[in-house]
Amino acid sequence: MLSLCAVAVAASPNDCGGNRFAPACIEPQLVATTADIDDLPNHPEKLLIDVREPSELAATGQIPTSINIPLKTVRTELSLTPEAFEQKYGRKKPAASDPIIFSCRSGVRAGQAALEADQLGFKNAERSFFNTGVTFSRLLLCCSNTMSIATYEEVLDLPNHPEKLLVDVRNPDELAETGKIPTSINIPLPQLEDGLKLTDEEFKAKFGRDKPGTSTEVIFHCKMGGRAQKATDLAASLGFTNARNYKGSWTEWAAKQGK
């Protein structure tokens, strides 16, 4: 069974890139628990959507009652007519006030899917939830969010794991002032998408490291974790399923290294 947990990680709204469902920013009331998932067979009015790719489900199986809508098609599929949705998925299309639970592997794609649904109006007004406690209308995020957050100890151990890639998304002038974390390469956030779309040969020539595969563990860091979360979300949207955020970033690293 997929391990699920509810983890609250404090972050300012500015660090979340406007996405309150990002793993580093998710509030506990927006996280589904194992008990919530186990109880879904008793609540047919709740819809569980697995946003992984079909090949991932084929390898692992799926959570009971879930339907599969890959992340890249979430917006399109949730825009279907009720008739078309039910015909395609065998479940009634959720109304704007119905609860939707998204799941993936590590929480990043589930957060992106929740944001897409939120933007389409599946929420019954945020104010109703926070001010009146109308919990039936909430969008719940399900997955083990801790998997997408890298720790200081993991980053410290990276020299022993050359198969993992650490990417510093700060600007070059910041690195010139502070130095860098060992093994990291620098791809400033505004250049990250283009960098991750380079060919294998171009990436190796430019950064001196093999280009990560879509399943490679890629850890992003910046100064305080905000830009690193944006980088993690961006990489996940490009298909990098093991993208992680070193939330403590340079600030924590420097403090623990005595710099």
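## Aromatic pairs

In this predicted model, a search of the whole structure finds three aromatic pairs. Tyr152 and Trp253 make up one of them, and this pair is tilted, with 5.5 Å from centre to centre and 50° between the planes. The pair links distant parts of the chain, since Tyr152 belongs to helix H7 (residues 152-156) and Trp253 to helix H12 (residues 249-257), 101 residues apart. Tyr152 and Trp253 are both buried.

Phe203 and Phe207 also form a tilted aromatic pair, with a centre-to-centre distance of 4.8 Å and an angle of 50° between the planes. Because Phe203 and Phe207 stand four residues apart in helix H10 (residues 200-207), about one helical turn separates them. Phe203 is buried, and Phe207 is buried as well.

## The second largest pocket

The lining of the second largest pocket consists of Val51, Glu53, Glu56, Leu71, Lys72, Arg109, Ala236, Ser237, Gly239 and Thr241. Two domains contribute to the lining: domain 1 (28-129) and domain 2 (149-257) each supply at least three residues.

Methods
Residues numbered from 1 in each chain as written. Predicted model: local features only at pLDDT ≥ 70, side-chain atom pairs only at ≥ 80, totals over all residues. Heavy atoms only, no water. 1 Å grid on protein atoms, 1.4 Å probe; cavity = no way out; pocket = protein on both sides within 12 Å on 5 of 7 lines; lining within 4 Å. Domains from an automatic or database assignment. Phe/Tyr/Trp six-rings, centres within 6.5 Å; stacked < 30°, edge-to-face > 60°. Helix = DSSP H or I, 4+ residues; strand = E, 2+ residues; numbered from the N terminus. Buried < 20%, exposed > 50% of the residue type's maximum accessible area, 1.4 Å probe, protein only.
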